[in-house]
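The sequence and model come first.

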Amino acid sequence: MRRVSLAGLALVGALLLAIPSAFAKSDVVAADPGITATSIKIGGTFPLTGAASSYAPIPQSMKAYFSYINARKGPDGKRGIYGRQVIFNYYDDGYNPANSVQLQRKLVQEDKVFAIVGTLGTEVNQAVQPFLNASKVPHVLVSTGASEFGKDYKKYPWTIGWQPDYVAEGRLYGTDIRNNKPNAKIAILYQNDSYGRDYVNGFKSALGTAKVKSQIIAEQAYELVGGTTPASQLARLKASGADTLMIFVTPTPTIQTYGILRAIAWSPPTIYLNSVSATDYFMGLALRSSNADLVNGSISAQYLKDPASPAWRNDATVKQYLSLMAKYNPRGSVNDGLNFYGFAKADTFVRAMYKAGKNPTRAGLMRALLAFNEASPYLLPGARLKTSATDHFMISHQRLMRFNNGVWAAAGPLVDGRPRG
């Protein structure tokens with residue numbers, strides 16, 4: 001009897017040990033919140049209303065792209081990503097950091113999302129970054145080019161950006177003026193936050209100390225929050241006698257700037273505006289608020305293909321984009337570059353999830369995002385999605401472009417804004 005009892009106890013013990021092991025194996029896909037065998041739940045906050053509501057197309061087009069991914073069969077023959085449907089929940093934060101903090105807590109603590117993807121705004125992302133990193137929730141592909149989201153990875157390892165950073169873009173403009181317009185008299189209108197200051201810092205670093213002192217003759221800061229226009233700032237810049245205007249503010253005040261220039265009868269021969277404000281949609285609004293003579297010739301930067309440009313009319317990716325917009329986002333403007341931006345960003349997330357494997361974890365997603373070195377069909381030819389453990393600037397190639405008669409055209413070669421080695 002004693003031998004039987006010992007054998008029985010041994011068998012029971014073996015079964016008890018096997019039970020948690022079996023559960024662990026079956027629960028691998030559910031190790032982190034937001035992941036099940038059939039779904040991936042992600043989220044973000046965006047300004048659907050308020051001063052920055054012009055950015056609203058971004059989450060709408062991201063959701064449209066995920067709808068396409070959920071419907072089509074992937075390389076493994078399954079719909080979604082390894083058979084998982086992407087559920088994208090996003091909320092309106094009104095471009096208010098306090099609102100975003102509250103809503104992101106809701107996404108993490110109540111909605112149980114796997115990752116925060118694409119949240120828009122420099123100050124908004126600054127506000128939510130500490131909470132998300134402390135919670136070890138991926139805070140990825142943020143919709144801002146503020147350089148801190150690429151360089152502060154030791155402090156915030158769960159955060160990574162996507163688009164070219166504003167410092168690098170500012171350097172592109174500074175280099176162009178240094179090389180081609182050595183006698184320009186420069187006035188700068190900049191947004192008084194990390195967004196605007198990054199542009200100014202990058203621009204000045206490329207122009208060089210001596211040229212900064214001799215060529216920049218006026219600078220004016222603009223406060224986005226408050227409902228005012230940059231009219232008073234532009235009047236002061238006009239009085240300086242500048243012949244070159246740098247516009248480093250977000251889309252709504254950029255559009256207002258063109259209208260104000262017309263109203264105060266100031267037509268700077270050369271105008272640069274940041275790429276964030278340079279979509280076909282925004283330039284159309286600028287034309288309506290001003291006139292073609294003033295808007296034509298404006299210079300900006302480009303890193304994505306332009307669905308509004310005849311140059312890309314026969315491009316396979318642009319053709320697919322037009323088809324998918326008609327099916328999944330029919331109310332969106334196909335010529336609005338923000339919709340194309342949303343598709344491109346969502347596509348990068350899908351690529352990262354495939355890299356993360358069939359049983360993805362939050363940590364696995366971050367590893368995948370830091371191991372990119374591939375082309376994207378949405379980027380300009382020659383540009384790449386490229387990262388490493390020490391390089392968190394995912395897209396760094398861009399080129400100058402010039403606006404004329406309603407269309408942007410290339411105005412310079414593709415350059416690496418952050419050359420490696």
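## Helix 3 and helix 4

A crossing is right-handed if the near helix is turned clockwise from the far one by less than a right angle, and left-handed if anticlockwise. In this predicted model, the crossing of helix 3 and helix 4 is right-handed.

Helix 3 makes the contact through Pro97, Ser100, Val101, Gln104, Arg105, Val108 and Gln109. Helix 4 contributes Glu123, Val124, Ala127, Val128, Phe131 and Leu132. By class, the contact has eight nonpolar, three polar and two charged residues.

## Helix 2 and helix 13

Helix 2 (residues 57–71) packs against helix 13 at an angle of about 95°. The axes are 10 Å apart. Angles of 65 to 115 degrees count as roughly perpendicular, so helix 2 is roughly perpendicular to helix 13.

Ala64, Ser67, Tyr68 and Ala71 of helix 2 meet Gln320, Leu324 and Tyr328 of helix 13. Five of these contact residues are nonpolar and two are polar; none is charged.

## Nonpolar cores

The largest nonpolar core has 104 residues. Trp162, Phe203 and Leu369 touch the most other members. Helix 14 (residues 337–356) gives this core its largest share, eleven residues.

What does Trp162 contact, leaving aside its neighbours within four places in sequence? The partners are Leu141, Val142, Tyr303, Leu304, Tyr341, Ala344, Lys345, Thr348, Leu385, Met394 and Ile395. Another core, of eight residues, lies apart from the largest one. Among its members are Leu107, Ile116, Val128 and Phe131. Val128 and Phe131 also belong to the contact of helix 4 with helix 3.

## Helix 15

Helix 15 (residues 362–369) has six of its eight residues buried, so it is largely enclosed by the rest of the structure. The buried residues are Arg362, Gly364, Leu365, Met366, Ala368 and Leu369.

## Ala311

Where is Ala311 found? Ala311 sits in the loop between strand 10 (299–302) and helix 13 (316–328). Is this residue buried or exposed? Exposed means over 50% relative accessible area, and Ala311 has 65% relative accessibility, so it counts as exposed.

Ala311 and Ala409 are 98 residues apart along the chain. Their C-alpha atoms are separated by 8.3 Å.

Definitions and conventions: Residues numbered from 1 in each chain as written. Predicted model: local features only at pLDDT ≥ 70, side-chain atom pairs only at ≥ 80, totals over all residues. Heavy atoms only, no water. Helix = DSSP H or I, 4+ residues; strand = E, 2+ residues; numbered from the N terminus. Contact = heavy atoms within 4.5 Å. Nonpolar A, V, L, I, M, F, W, Y, C, P; charged D, E, K, R; others polar. Core = buried A, V, L, I, M, F, W, Y, C linked by side-chain atoms within 4.5 Å. Buried < 20%, exposed > 50% of the residue type's maximum accessible area, 1.4 Å probe, protein only. Axes fitted to C-alpha atoms, helices over the stretch in contact; angles between N-to-C directions. Parallel < 35°, antiparallel > 145°, perpendicular 65-115°, else oblique.
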